[in-house]
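Here are a few exercises on how two parts of one chain meet. Grab your viewer and work through them in order.

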Amino acid sequence: MAQVLKVAMPKGRIYDKAAALFRAAGLPVPEDAEATRKLVIPVPEAGMEFILAKPVDVPTYVEYGVTDIGIVGKDVLLEEDRDVYELLDLGIARCRMSIIGLPDWKPGIQQRVATKYPNVASRYFREQGQQVEVIKLNGSIELAPLIGLADRIVDMVETGQTLRENGLVELQSIFGITSRLVANRVSYRMKNAEIQQLCDRLEPVIRAAQR
Ligand code: PRP
């Protein structure tokens, strides 16, 4: 008998896109799962159970095996560096990680960078041989250069609207981001048939969306 797949789904901007992808793959996933305050949502028709998680926590749930699989942005995967198995690039929630600043930014003596991604930012500047002080913030990162907390920020750019509306510019794009399907390493072996079947259903939908 097929086993139930426990899936860590990210709450917020990725949820709707991921749910739409599942539906296009023929899995009857509810549209309004996020409308309630329920955090554990059985989806028996799809042989799944959703755990609605804060996106940054998805790799943690998957690494510890409390969910078998999860959907998470490449930005979070690189920042959290958890031991999970990356199965598929879902091609959704496409955006990029960039260095952002005021239009007149020039390298100065004191270089401070604010970001929600301190590990990603520190690694990048270390590789570039640049000495910067990285300051961790949890949101509204664009404020930092506007009010003088930092010279630059490292943040996600999707439409560019937040930058434009705050008079900031993209100084450099660092890497592209999409959402990924990841699996717990033990679940990948123990529930291989179920996970493989899900991948087989998703792959043609992802390919079709990229044409
Ligand atoms: C993200 C990111 C940018 C914005 C980019 O913030 O940190 O601020 O979206 O999107 P855009 O290019 O389409 O404007 P989020 O909405 O996650 O809110 P936050 O302020 O809590 O980080």
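**Exercise 1.** Work out how the chain is divided, and how far apart the pieces sit.

*Solution.* Keep in mind that this is a predicted model. Next, take the C-alpha centres of the two domains, which lie 29 Å apart. Then list who touches whom: domain 1 puts six residues into the contact, and domain 2 puts in 10 residues.

**Exercise 2.** Find the area buried between domain 1 and domain 2, and say which residues of domain 1 lose the most.

*Solution.* The buried area comes to about 780 Å². Carbon and sulfur atoms give 45% of that area. Now look at the domain 1 side: Asp 75, Leu 78 and Glu 79 lose the most area to domain 2, and together they make up 66% of what that side buries.

**Exercise 3.** Count the salt bridges and polar contacts between the domains, then describe the domain 1 side by element and by class.

*Solution.* Salt bridges go first: the count is two. For polar contacts, the count is seven residue pairs, both partners at pLDDT 80 or more. On the domain 1 side, helix α3 (residues 74-80) gives the most, with three residues. Finally, sort that side by class: two nonpolar, no polar and four charged residues.

Notes
Residues numbered from 1 in each chain as written. Predicted model: local features only at pLDDT ≥ 70, side-chain atom pairs only at ≥ 80, totals over all residues. Heavy atoms only, no water. Domains from an automatic or database assignment. Contact = heavy atoms within 4.5 Å. Buried area = accessible area lost by both parts, 1.4 Å probe. Salt bridge = Lys/Arg side-chain N within 4 Å of Asp/Glu carboxyl O. Polar contact = N/O pair within 3.5 Å; in protein donor to acceptor, adjacent residues only side chain to side chain. Helix = DSSP H or I, 4+ residues; strand = E, 2+ residues; numbered from the N terminus. Nonpolar A, V, L, I, M, F, W, Y, C, P; charged D, E, K, R; others polar.
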